[in-house]
Amino acid sequence: METQWFDQGWGHLEDDGRLAREMELRSRLLMNLQQGITDKGWNRDHACRWLDLSAARVDALMAGKIGAFRLRDLVILMEQADIRWRISTQDRALLEDLIAEQQAGSGA
């Protein structure tokens, strides 16, 4: 079996450019959140209490299960954990658009 290497992340896994950007944003948020929790020295119980998540959700977060979290969820968790991150103006606009679409689609 041959191994393939790609220079660009999600764009090679998703045909829809917007979906690829969403996955890239979710990925970056998830990694920043994981790193922030690690940097703070939180164990699972502390993360559960601080983030108001079940142990299963914290485990999913720390295992990198990107499909388990919507963009809005990740942004809220970043704020709850008081983790700062940098985002470009273009990505911020996309993030806001995607969150609005998710809220409209879920009836929230």
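**Notebook: helix pairs and a pocket**

I started with helix H1 (residues 17-40) and helix H4 (residues 71-80): their axes come within 10 Å and cross at roughly 25 degrees. That makes H1 roughly parallel to H4 (under 35 degrees counts as roughly parallel, over 145 as roughly antiparallel, 65 to 115 as roughly perpendicular, the rest as oblique). Axes here are lines fitted to C-alpha atoms, for helices over the stretch in contact, with angles from 0 to 180 degrees between N-to-C directions. Helices are DSSP runs (H or I, at least four residues), numbered from the N terminus.

A note on what I'm looking at: this is a predicted model, where local features need pLDDT of at least 70 and side-chain atom pairs count only at pLDDT 80 or more, while totals for chains, interfaces and linings use all residues. Residues are numbered from 1 along each chain as its sequence is written, and side-chain values use heavy atoms, leaving out hydrogens and water.

Next I looked up who touches whom (contact means heavy atoms within 4.5 Å). H1 brings Glu22, Leu25, Arg26, Leu29, Leu30, Asn32 and Leu33, and H4 brings Leu71, Leu74, Val75, Leu77 and Met78. By class I get nine nonpolar, one polar and two charged residues (Ala, Val, Leu, Ile, Met, Phe, Trp, Tyr, Cys and Pro are nonpolar, Asp, Glu, Lys and Arg charged, the others, Gly among them, polar).

Then I checked helix H2 (residues 44-51) against helix H3 (residues 55-62): the axes come within 9 Å and cross at roughly 105 degrees, so the two are roughly perpendicular to each other. Arg44, Ala47 and Cys48 of H2 meet Ala55, Val58 and Asp59 of H3. That contact has four nonpolar, no polar and two charged residues.

Last, I asked which residues line the largest pocket. I found Val75, Met78, Glu79, Ile83, Arg84, Trp85, Arg92, Leu95, Glu96 and Ile99. H5 gives the largest share of that lining, four residues.

Technical notes: 1 Å grid on protein atoms, 1.4 Å probe; cavity = no way out; pocket = protein on both sides within 12 Å on 5 of 7 lines; lining within 4 Å.
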